[in-house]
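The structure is shown below.

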Amino acid sequence: MGDPDLAPPNALQQLLFEYLERSEDEGSSVLDELCEREPEHADALRVRVELLHGSGMRTPPGSQAAPPERLGTYRLLEPLGGGGMGVVYRAHDESLDRDVAVKIVRPTELLFPGARERFRREAEAIARLSHPGIVPVHAAGEDGGVPFLAMECVEGCTLAEALKEVRVIGRRPGSLTGDEREAAVGRASGSETGGADASDAELFRGPWHVACARVGTRVATALQHAHDAGVLHRDVKPSNVMVTPSGRVMLVDFGLSAAEGVDRLTRTGAPLGAFPYMAPEQLDGDRERIDRRSDVYSLGVMLYELLSLRLPYEEASFARLRDAVLDARRPPLRRTTATTLRQRK
């Protein structure tokens, strides 16, 4: 018999992975959505999710698990966000009297194969990087069996949160003024005022497609720096890009990163990252073909979404999404953005 860790994941495992990845941000409705989307696996998926919650291996979405009060010299203050594997807290570094962001792997997630190794790899990857478009890591360590990273605490929001604010406004993004775009980022960041200084205010100015190009250029230069250092990100998407009211754009979360030429961190063949932004070779789990071009592809998907406020591929199931990506079946960007680009400041 072969090693079960080498077997590709079945459909139920894929659904469970997707639930773990999305439920932190989207809440309990994700489970209902997945069950409706894949009814043949609905009962089994609900049983497995219930087992996770009942065993304490996973905190139900919307509930607040008590975090440790401190990790090393860092006193945890409040959660800032997180995903399926980890959570980020605002913390106070008592040794240097400053606030930082501390990212930890959820202790229960350490039960999943590769979690600790993924976290260690992230620390090593970011330590090799020094670029204004990449959030710097101050320290890495482990306390009480919980590994953590201490990073700069960026006062801003993710690009995904900023886009949500733009959609709430209910107007074509091309009709928004630079001040309105800046205010949307401010609201998503928890501040009603923008606060852009003269050096960075240009990020929000000009036509919508020009502002999108500026964001894309800054992410691209950060990616280029990582690639030049031999580091792949492998999870480029709007929720992994920070934007500040002062106009900074920073690439975050190298949790799925790897040095070029190094094998994937999991051996299951499960694709890592967010499906709609994955390159075809990532969706296929073809690790031999995943390289810097995969990151560039994901950046292209993100730019498409910025310009049109929709994803190029919006299929209801993983199988249909994969087929659409492999066949390159997407609405032409020129058609989806024609109205937007005509409405300029």
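Is the crossing of H7 and H9 left-handed or right-handed?

## Crossing of H7 and H9

The crossing of these two helices, H7 and H9, is right-handed. The model under discussion is a predicted one. Helix H9 covers residues 292-308, and its axis comes within 10 Å of the axis of H7, with a crossing angle of roughly 165°. Because of this angle, H7 is roughly antiparallel to H9.

On the H7 side, the contact is made by Trp208, His209, Cys212, Val215, Gly216, Val219, Ala220, Leu223, Gln224, His227 and Asp228. H9 contributes Arg292, Asp295, Leu299, Met302, Leu303, Leu306 and Leu307. By residue class, this contact of H7 with H9 comprises eleven nonpolar, four polar and three charged residues.

## Cavities

The largest cavity holds about 200 Å³ of space.

## Lining of the largest cavity

A total of 15 residues line the largest cavity, and those nearest its centre are Leu159, Val185, Phe204, Trp208 and Val215. The lining consists of 14 nonpolar residues and one charged residue, with no polar residue present.

Three helices, H5 (159-169), H6 (178-188) and H7 (208-228), each provide at least two residues of this lining. Trp208 and Val215 of H7 belong to the contact with H9, and Trp208 and Val215 are also among the lining residues nearest the centre of the largest cavity.

Conventions: Residues are numbered from 1 along each chain as its sequence is written. This is a predicted model: local features need pLDDT of at least 70, side-chain atom pairs count only at pLDDT 80 or more; totals for chains, interfaces and linings use all residues. Side-chain values use heavy atoms; hydrogens and water are left out. On a 1 Å grid over the protein atoms alone, a cavity is a set of points where a 1.4 Å probe fits but cannot get out, and a pocket is an open set with protein on both sides within 12 Å along at least five of seven lines; lining residues have an atom within 4 Å of a point. Grid points are joined across faces, edges and corners, and a volume is the space filled by probe spheres set on the points. Helices (H or I, at least four residues) and strands (E, at least two) are DSSP runs, numbered from the N terminus. Ala, Val, Leu, Ile, Met, Phe, Trp, Tyr, Cys and Pro count as nonpolar, Asp, Glu, Lys and Arg as charged, and the others, Gly among them, as polar. Axes are lines fitted to C-alpha atoms, for helices over the stretch in contact, and angles run from 0 to 180 degrees between N-to-C directions. Angles under 35 degrees count as roughly parallel, over 145 as roughly antiparallel, 65 to 115 as roughly perpendicular and the rest as oblique. A crossing is left-handed if the near helix is turned anticlockwise from the far one by less than a right angle, and right-handed if clockwise. Contact means heavy atoms within 4.5 Å.
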